[in-house]
Amino acid sequence: MATRRCSGSKRRSDPQALDDQKQKARRDFGIARRDGRFITLLVFEIIELDVYRQTFGAKAADSCQRMIGAQITRILRRAGDLCARYDEQTLVAAVVGQTPADVAHLVDQIADNVRQLGLHNPRGQRGRFLTVRPTPVGCPPGTEDDADALVRRAVSEQPAVARVAPPEAPVSGRGSAAG
């Protein structure tokens, strides 16, 4: 099973690890439905990780994802809590037995811890450090039959971030006709 070294989060690109993660999620969601427990997914979008990746490369961006994943797994310490990379800029964590209101303080703590990492993004338009935008999405017991459907719904419910256009190159006075 391929896991991220620092965070323990599964690599989504590894089919075996993804299957293992899905099996564990299905099992946990099935137990939660059977017991009538709430399921909450926490979707963490890493703001401007694409800019960071262009600046420092894929290995550095993957390292940042591992560090952010480590913050998530450190705060969500229960054995049933899952954390996995969803796509190039998104990490998803599953918390069984708690509503979005119950985990609001944990979400805020994770966002603060990520800011405190001080992952410098010198070309970022929204700030000079990487941050996360967390979105908790709750699922009452028995309303979602499939863990995959709940993850897709959680990611789609995350509000879109307005993309900031890169700044224009400053125009120097050279070569321009001055009247």
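Figure 1. The model is predicted: local features need pLDDT of at least 70, side-chain atom pairs count only at pLDDT 80 or more, and totals for chains, interfaces and linings use all residues. Residues are numbered from 1 along each chain as its sequence is written, and side-chain values use heavy atoms, with hydrogens and water left out. Thr40 belongs to strand β1, residues 39-47; strands (E, at least two residues) and helices (H or I, at least four) are DSSP runs numbered from the N terminus. Thr40 counts as buried because its relative accessibility is 0%; buried means under 20% relative accessible area, exposed over 50%, and partly exposed in between (1.4 Å probe, protein chains only). The side chain of Thr40 reaches the backbone oxygen of Gln98 at 2.4 Å.

**Figure 2. The aromatic pair of Tyr52 and Phe56.** The whole structure holds 1 aromatic pair. Tyr52 and Phe56 form this tilted pair, with 4.8 Å from centre to centre and 50° between the planes. Rings of Phe, Tyr and Trp (its six-membered ring) pair if their centres lie within 6.5 Å; planes under 30 degrees apart count as stacked, over 60 as edge-to-face and the rest as tilted. The two residues are about one helical turn apart because they stand 4 residues apart in helix α2, residues 49-56. Tyr52 is buried at 10% relative accessible area, whereas Phe56 is partly exposed at 41% relative accessibility.

**Figure 3. The backbone at Glu48.** Glu48 lies in the loop between β1 and α2. Phi of Glu48 is near 60°, a positive value in a residue other than glycine. Most residues other than glycine have a negative phi. With 10% relative accessibility, Glu48 counts as buried.

Technical notes:
A polar contact is a pair of N or O atoms within 3.5 Å; within protein, one must be able to donate a hydrogen and the other to accept it, and residues adjacent in sequence count only if both atoms are side-chain atoms.
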